[in-house]
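Here are my notes on this one, as numbered points.

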Amino acid sequence: MKKLTFSALALALVVAACGSGGGAADSTTTTTTEPKPTTTTSEATTTRPETTTTTVPETTTTELPGKPIDFGPAEGDTVAVIGVAHDDVLNLRAAPGANQEILAEIPNLADGLTALGHTRDTGDSFWIEVEYDGTTGWVHYGFIGYLGVTDDMTSTVIDQLGKTPVAETMVDIGAAVAATFASDEPESEIVLTVVSTVGDLGEVTYDVIGIGDDAVRGFRVHVFGQPEVGTFGLKSVEVTTLCGRGVTDEGLCL
């Protein structure tokens, strides 16, 4: 895991996150005036690391694209949407593949998907069969994970940065905090999943996806800031581990 250098932190706290939304290529997105880091949540071009899989014989005559593989969530597992931007959705499709009919649009923070135990390899991506809100279909594996334990990581972040960060906006301070959980190899994606709000405290949430560990897919970083005159100072950081193979009863990644 990469530690954020002083110079990188200084840049992160001065320059607001920017870039265009990178949701699924054929899903409806909305425009937000709030800057955010560039994301790459395309169904067809995800570059997240994939675990070695084993092809298993076809046991039915179903005309589904791709080949069945012995990989992915077990039948009955509850999984969640991860790494999808705040202004995007995850498409539930009639069959594996980014060109298949869209049956439903799943919200970017949905956590009630039931895996049906079927995974197919279409050659350039993996697809998982799930049931969501009464509809059965296929979703891209790159945007599915298990929600693990949530911990207070405030002191860890401050230790990484060398001091309590201060920034002009919650987007800036959130991006700087999220970067402390990212890796260089592979290069993590930092996705703004909940836009900033300001009340008694400021809040913003990022998903950090792809850290080179097939058990831990990444982290959901919920950042709280204390409003000050023209700035925000870091108040606290809550981090939920995003697991790839399942979770124990205690919320630890398998």
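1. Let me begin with the core. The largest nonpolar core has 26 residues, and V177, F181, Y206, V221 and V223 have the most contacts inside it. By nonpolar core I mean a set of buried Ala, Val, Leu, Ile, Met, Phe, Trp, Tyr and Cys residues joined through side-chain atoms within 4.5 Å. At least two core residues come from each of α2 (154–161), α3, β10 (189–198), β11 (202–209), β12 (216–228) and β13 (231–243). Helix α3 gives the most, with 7 residues. Nonpolar side chains in soluble globular proteins tend to be buried together.

2. Some ground rules. This is a predicted model, where local features need pLDDT of at least 70 and side-chain atom pairs count only at pLDDT 80 or more, while totals for chains, interfaces and linings use all residues. Residues are numbered from 1 along each chain as its sequence is written, and side-chain values use heavy atoms, with hydrogens and water left out. Helices (H or I, at least four residues) and strands (E, at least two) are DSSP runs numbered from the N terminus.

3. Back to helix α3, which spans residues 170–179: how many of its residues are buried? The count is 10 of 10. Buried is under 20% relative accessible area, exposed is over 50%, and partly exposed is in between (1.4 Å probe, protein chains only). The buried set includes D172 and G174 as well as M170, V171 and I173.

4. In the loop between α3 and β10 you'll find P186. A cis peptide bond joins E185 to P186, with omega at about -5°. Another backbone point is D133, which has a positive phi of about 55° although it is not a glycine. D133 sits in the loop between β6 and β7 and is exposed, at 68% relative accessible area. For background, most residues other than glycine have a negative phi, and most peptide bonds are trans.

5. Now the rings. There are 4 aromatic pairs, counting rings of Phe, Tyr and Trp (its six-membered ring) with centres within 6.5 Å; planes under 30 degrees apart are stacked, over 60 edge-to-face, and the rest tilted. F126 and Y141 make a tilted pair, 6.3 Å centre to centre with 55° between the planes. Because F126 lies in strand β6 (residues 126–132) and Y141 in the loop between β7 and β8 (144–152), the pair ties together parts that are 15 residues apart in sequence. Both partners count as buried: F126 has a relative accessible area of 5%, and Y141 comes in at 8%.

6. Ring pairs also bring in F71, linking it with F126 and Y141 into a cluster.

7. What is the volume of the second largest pocket? It is about 200 Å³. Of its 14 lining residues, P68, I69, G117, H118 and T119 are the closest to the centre. Strand β5 (residues 113–121) supplies the largest share of the lining, 4 residues. By type, the lining splits into 7 nonpolar, 4 polar and 3 charged.9. For the terms in that last point: on a 1 Å grid over the protein atoms alone, a pocket is an open set of points where a 1.4 Å probe fits, with protein on both sides within 12 Å along at least five of seven lines, and lining residues have an atom within 4 Å of a point. Grid points are joined across faces, edges and corners, and the volume is the space filled by probe spheres set on the points. Ala, Val, Leu, Ile, Met, Phe, Trp, Tyr, Cys and Pro count as nonpolar, Asp, Glu, Lys and Arg as charged, and the others, Gly among them, as polar.

8. G83, in the loop between β2 (78–81) and β3 (89–93), is buried at 0% relative accessibility. G83 and L242 are 159 residues apart in sequence and 9.8 Å apart in space, C-alpha to C-alpha.
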